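Trainee: I would like to learn how to read a structure that is new to me. Can we go through it one feature at a time?

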Amino acid sequence: MSRRGAAEEKRAKSDPISRNRLVNMLVNRILKHGKKSLAFKLSSELVDAAKGSGDAIRKKEETHRMAEANRAFAHFR
């Protein structure tokens, strides 16, 4: 707390790529702890997920296809 009065509350600016303040806060917190490569990977994955591409989306769709295939052959057991 400041001795000269109440300190003004700082607000995180929005991320210029995804324009989301929460993403920016998350990345800034990771960067604060010295994890630059993790922050870069996470931010790029979040941007790709927002666009509907990337490894996380691909893995989700692949898992869904495998579940559909397993369900189609479930009656053979």
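Trainee: Where does Gly-54 lie?

Mentor: This is a predicted model. Gly-54 is in the loop that sits between helix 2 and helix 3, the latter covering residues 55–72.

Trainee: Is Gly-54 buried, partly exposed or exposed?

Mentor: Accessibility is judged by cut-offs: under 20% is buried and over 50% is exposed. Gly-54 has a relative accessibility of 26%, so it counts as partly exposed.

Trainee: Which residues is Gly-54 in contact with, leaving aside neighbours within four places in sequence?

Mentor: Those residues are Glu-45 and Asp-48. A C-alpha distance can be read as well: Ser-44 is ten residues from Gly-54 in sequence, and their C-alpha atoms are 8.9 Å apart.

Trainee: How many helices and strands are in the protein?

Mentor: The protein has three helices and zero strands. Read from the N terminus, the order of elements is α-α-α. Of its 77 residues, 12% count as buried.

Trainee: How is the packing of two helices described?

Mentor: Packed helices are described by the angle between their axes and by the distance between those axes. Here, helix 1 (residues 21–32) packs with helix 2 (residues 36–51) at about 165°, and the axes are 8 Å apart. Because of that angle, helix 1 is roughly antiparallel to helix 2; the cut-off for this term is over 145 degrees. The crossing of helix 1 and helix 2 is right-handed.

Trainee: Which residues of helix 1 and helix 2 meet?

Mentor: From helix 1 come Val-23, Leu-26, Val-27, Ile-30 and Leu-31, and from helix 2 come Lys-36, Leu-38, Ala-39, Leu-42, Ser-43 and Leu-46. By class, the residues of this contact are nine nonpolar, one polar and one charged.

Trainee: Where is Lys-41 found, and is Lys-41 buried or exposed?

Mentor: Lys-41 is in helix 2. Its relative accessibility is 57%, so Lys-41 counts as exposed. Val-27 is 14 residues away from Lys-41 along the chain, with 9.9 Å between the two C-alpha atoms.

Trainee: Which residues does the UniProt domain annotation cover?

Mentor: An annotation comes from a record, and the stretch it covers can then be looked at in the model. The unreviewed UniProt entry gives "domain: Small ribosomal subunit protein uS7" for residues 38–71. Over residues 38–71, the chain is 91% helix and 0% strand. The C-alpha atoms at the ends of that stretch are 37 Å apart.

Terms used
Residues are numbered from 1 along each chain as its sequence is written. This is a predicted model: local features need pLDDT of at least 70, side-chain atom pairs count only at pLDDT 80 or more; totals for chains, interfaces and linings use all residues. Side-chain values use heavy atoms; hydrogens and water are left out. Axes are lines fitted to C-alpha atoms, for helices over the stretch in contact, and angles run from 0 to 180 degrees between N-to-C directions. Helices (H or I, at least four residues) and strands (E, at least two) are DSSP runs, numbered from the N terminus. Angles under 35 degrees count as roughly parallel, over 145 as roughly antiparallel, 65 to 115 as roughly perpendicular and the rest as oblique. A crossing is left-handed if the near helix is turned anticlockwise from the far one by less than a right angle, and right-handed if clockwise. Contact means heavy atoms within 4.5 Å. Ala, Val, Leu, Ile, Met, Phe, Trp, Tyr, Cys and Pro count as nonpolar, Asp, Glu, Lys and Arg as charged, and the others, Gly among them, as polar. UniProt positions are given in the numbering used here, feature names are shortened, and annotations may be inferred rather than shown by experiment. Buried means under 20% relative accessible area, exposed over 50%, partly exposed in between (1.4 Å probe, protein chains only).
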